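Me: I have a structure to go through. Can we take it piece by piece?

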Amino acid sequence: MELRVLQYFLAAAREENITKAAALLHITQPTLSRQLMQMEEELGVKLFRRGKHNILLTEEGMLLRRRAQEIVDLAEKTAKELKHEEEAVSGEISIGCGETQNMKPLSEMMASFQQKYPDINFNIYTAIADDVKERLENGILDMGLLLEPVEISRYHYMRMPLKEKWHVLMRRDSLLAEKQKIMPEDLADVPLIIARRQSVRNELENWFGYDKEKLHVISTCNLSHYNQSIMVESGIGMALVMEFSCNQDTLCLRPLEPALESSCVLVWKKNQALSPAILRFIEHAKEYLEGTAQNGQAATVQIGH
């Protein structure tokens, strides 16, 4: 299966129309149709459901689209790295991140790094830790900013300076909004929106302790404080979230008691060849974190191998 044909397939999947995709690819419609049919014959599956005016992916087609996009992204990333191999330090650094306050120190690292190396740019991919780890394994991402708990034995890592504190996001007209802190018994049988990641759910259940049987999970989600805010405003339930800036007119955050905190780590794969740009950035990040520790912003700098 050629890379060029995968790109044809992705264009057809994106446009849902052979004629439009062919025009964007600057090839004829019969040529594109023939390439896609040959791909189906090679794989032994139907990739598209063909209608009069459009085409839609089958389940097999949706799986291939995901894998094809990863392959194309990796090929483009590799080409960029090879192109810049013998030039001044330049290129692209891809980092996967969740929604975390530690994006602030990471952003400060990136900003100061780009002042030293203006020819380097960053590609930020936002997703939950499981998705970020999968892309790290596939070589699509160079580094990941992961919220613990997470298995990091396969990675080198640097612990980030900010602790992420769990809060309850609720409407201001809620009775619980009158409380300064929220205890497990306060949330018994309350409809809750919580994280989808099982490891995070385990942490939350441990916080509830014996009351976890009274945990009433009405919805799970992976990311997006914005979407969670809309759901809470609509009265679906309350959300267990990391601290963030919410709409103070209609919503409020209340910390958990006893406090529940999570750490964040910046990771990269062990036993992997790293480009000059990534090596420089890792050293820059270490210097930054050591500087924040000396300024009292973090107690220690922990580098894991």
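Me: Which residues is Ser-94 in contact with, leaving aside neighbours within four places in sequence?
Reply: Lys-77, Asn-123, Ile-140, Leu-141, Asp-142 and Met-143. Contact means heavy atoms within 4.5 Å. This is a predicted model, where local features need pLDDT of at least 70, side-chain atom pairs count only at pLDDT 80 or more, and totals for chains, interfaces and linings use all residues. Residues are numbered from 1 along each chain as its sequence is written, and side-chain values use heavy atoms, with hydrogens and water left out.

Me: Where does Ser-94 lie?
Reply: In strand β3, residues 91–97. Strands (E, at least two residues) and helices (H or I, at least four) are DSSP runs, numbered from the N terminus.

Me: Is Ser-94 buried or exposed?
Reply: Buried, at 1% relative accessibility. The cut-offs: buried is under 20% relative accessible area, exposed is over 50%, and partly exposed is in between (1.4 Å probe, protein chains only).

Me: What about Tyr-155, buried or exposed?
Reply: Tyr-155 is buried, with a relative accessible area of 1%. Its strand is β6, residues 155–159. Tyr-155 and Gln-272 are 117 residues apart in sequence, yet 9.9 Å apart in space, C-alpha to C-alpha.

Me: Switching to helices. How do α1 and α3 cross?
Reply: At roughly 105°, with axes that come within 10 Å. That makes α1 roughly perpendicular to α3 (65 to 115 degrees). Axes are lines fitted to C-alpha atoms, for helices over the stretch in contact, and angles run from 0 to 180 degrees between N-to-C directions.

Me: Which residues make the contact?
Reply: From α1, Arg-4, Val-5, Leu-6, Tyr-8, Phe-9 and Ala-12; from α3, Leu-32, Gln-35, Leu-36 and Met-39.

Me: And which residues of α3 are buried?
Reply: Leu-32, Ser-33, Gln-35, Leu-36, Met-39 and Glu-40. They cover an arc of only 160° around the axis, which puts them on the same side of α3. The arc is that of the directions from the helix axis to the C-beta atoms. Glu-41 and Glu-42 are exposed, on the face turned away from the buried side.

Me: What comes just after α3?
Reply: Gly-44, with a positive phi of about 75°.

Me: Last one, α5. Which residues are buried there?
Reply: Pro-105, Leu-106, Met-109, Met-110 and Phe-113. Seen down the axis, they fall within an arc of 140°, so they line one face of α5. Lys-104 and Gln-115 are exposed on the other side of α5.

Methods: Parallel < 35°, antiparallel > 145°, perpendicular 65-115°, else oblique.
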